[in-house]
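Reader: Hi! Could you walk me through a few spots in this model?
Author: Happy to. Here it is.

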Amino acid sequence: MAETMAGLKRTHYCGELRAAHEGEEVVLCGWVQRQRDLGQLIFVDLRDRTGLVQLAFDESTDRAVFEKAFAVRGEYVLAVRGQVRLRSAVNRELPTGDIEIAAAELRILSRAQTPPFEIVDDCTTAEATRLKYRYLDLRRPVLQHNLLMRHRIAKATRDYFDAQGFIELDTPMLIKSTPEGARDFLVPSRLHHGEFYALPQSPQLYKQLCMVAGFDRYIQLARCFRDEDLRADRQPEFTQIDMEMSFVDVEDVLDMGEGYLRHVFREVLGIELPTPLPRMTYTEAMARYGSDKPDTRFGMELIDLTESVRGCGFGVFTSAIEAGGAVQAINVKNGAGVYTRKEIDRLTEYARGIGAKGLAWVRWTAESRSSSFAKFLSEEELEALLAAAGMEEGDVLLLVADTAKKRVQTTLGALRLVVADRMELPREGFRLLWITEFPFFEWDEEAGAWAAMHHPFTAPLDECVPWLTSAPEKVFAKAYDLVFNGVEMASGSIRITDPELQGHMFHALGLSEEEARRKFGYLLDAFQYGAPPHGGMGIGLDRLVMQMLGASTLRDVTAFPKVQNMTEPMTDCPSPADETQLAELGIRLAEEPK
């Protein structure tokens, strides 16, 4: 039968003890990492969230306590009372390696079965198994460290914004469904059959209402939900550092964001983050990196070769240019040794898989210079092309041509990341930058119409207002993203509060007045009662923790994550609802198609 803590009270955590504690009587609690029986000497490594310390049982130990230590096994939960003494054999690998605990009293608080995997950082057990037993996986020191760091980042966040006069407010979790760019998770109403709440993709409209209400600086560590396919840096539920400010413009929001980043890096990592952060417009980012979230820790920027091949004999290039498109490339320095013809063929298939029509290339080795299109160009044209691309012996040049310039850029942007991985280019340190002046609209090919690139309350640049309905492609927004090592970390904008301008926006998006009222009527009504100019952004807390710690996936910084198919292996969630529950909600499930 398990013993209790009666009469014992923990005095220290395992990882706190040092040589300075020599001679002190302490009470520790934790889990057994391992037990080593050396006959007349037993060592037990006791672990808690702060670290590990060695317990010693020898000939001076009470016999009943010694016998109890003999019986303990891995993951047993213990309470121990004893004296801190210096170790005869110091372990320099442990912070507590100078000392051990000469145990005088031992209680087994809980016994444990043999776990399905060893609780160590370098565990080789498949992730699927570890996620099934996530409560055991979370005992591993690396994951405990990650989640403790997440706590520290969250605390530093609240401390910073509180010092800047922000007020933390809660917004509802059951809301009206509004278009935000991803599918909503819907929640059926028991009292209103056929009607649904939505879980918030973000508190966007509520935080704008907080501005109308006069809370001019709002902050919330908000839970958000998006029903979209998962990847390494995405979960269906996540935490957003959500902020909004009144009486501001772009510069004020970016300055506040940079102040926050300086604070959190200093408090959590002890690093002085240099500011102001670099800035790059969306147009420049796409032209140089083929991405609006560029990883700038390495070069390999896009090269525009449109003019260099204009009028050449290669129809793939000339037809794209004549149709208003472009020819661009990346030069893989010293890539010829890695990118054989077979490897280039694989890259070509990858490029086709992401929407490109193909991939042209030049490979220059010490023995020869080969190309997929050289026979269509004169020697002079080819030399001019290679010079324009800065190509030298040992390099591989990858070219994409298309009638749509954006498709060229995004294809090369994706290839740039794949090639960087294959070439093992160094990507060290922290590189943060702002991407500004996003396009206001993007063309939806399926709908054959312009759609808002952001939510429909994003303000356009002042000088672009005249083009809202006449030339949508020329309109850019007061919108900005924070990019951290090639990952979108934050997104925000200055909001529209002028009813006339908002009407122009809805018209440009093809929304009738009736439809706009149906979707956003409560916010439009609020704006009629004095809306201050305001703006803000949402910073992904999970992604911030992931990048600051150098973790490879959000699962490493989330206590109970979902996997690729949006299930939670530990609880087998989601699961079916019983017929009684469905009947209460007025729901009848359709039969699965055969």
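**A buried arginine, a helix face and a pocket**

Reader: Where is Arg-234 found?
Author: Arg-234 is in the loop between β9 (217–225) and β10 (237–246); strands here are DSSP runs of E with at least two residues, helices are runs of H or I with at least four, and both are numbered from the N terminus. This is a predicted model, in which local features need pLDDT of at least 70, side-chain atom pairs count only at pLDDT 80 or more, and totals for chains, interfaces and linings use all residues. Residues are numbered from 1 along each chain as its sequence is written, and side-chain values use heavy atoms, with hydrogens and water left out.

Reader: Is Arg-234 buried or exposed?
Author: Arg-234 counts as buried because its relative accessibility is 18%; the cut-off for buried is under 20% relative accessible area, with a 1.4 Å probe and protein chains only.

Reader: And which side chain does the side chain of Arg-234 join in a polar contact?
Author: That of Glu-228, at 3.4 Å. A polar contact is a pair of N or O atoms within 3.5 Å; within protein, one must be able to donate a hydrogen and the other to accept it, and residues adjacent in sequence count only if both atoms are side-chain atoms. A polar atom of the Arg-234 side chain also lies 3.0 Å from the backbone oxygen of Asp-229.

Reader: Switching to α1, which residues are buried there?
Author: Val-65, Phe-66 and Ala-69 are buried in this helix, residues 63–71. Down the axis of α1, the buried residues fall within an arc of 100°, so they line one face; the arc is taken from the directions from the helix axis to the C-beta atoms.

Reader: What covers them?
Author: The cover includes β1 (25–37), β2 (42–48), β3 (51–57) and β5 (99–110), with contact meaning heavy atoms within 4.5 Å.

Reader: Now the second largest pocket: how many residues line it?
Author: It is lined by 24 residues, and Tyr-282, Lys-405, Lys-406, Arg-407 and Gln-409 lie nearest its centre. On a 1 Å grid over the protein atoms alone, a pocket is an open set of points where a 1.4 Å probe fits, with protein on both sides within 12 Å along at least five of seven lines; lining residues have an atom within 4 Å of a point.

Reader: Which element gives the largest share of that lining?
Author: α12, with 6 residues.

Reader: Last one: what does Thr-436 touch?
Author: Among its contacts beyond four places in sequence are Met-280 and Tyr-282. Thr-436 is in strand β17 (residues 432–436).

How values were computed
Buried means under 20% relative accessible area, exposed over 50%, partly exposed in between (1.4 Å probe, protein chains only).
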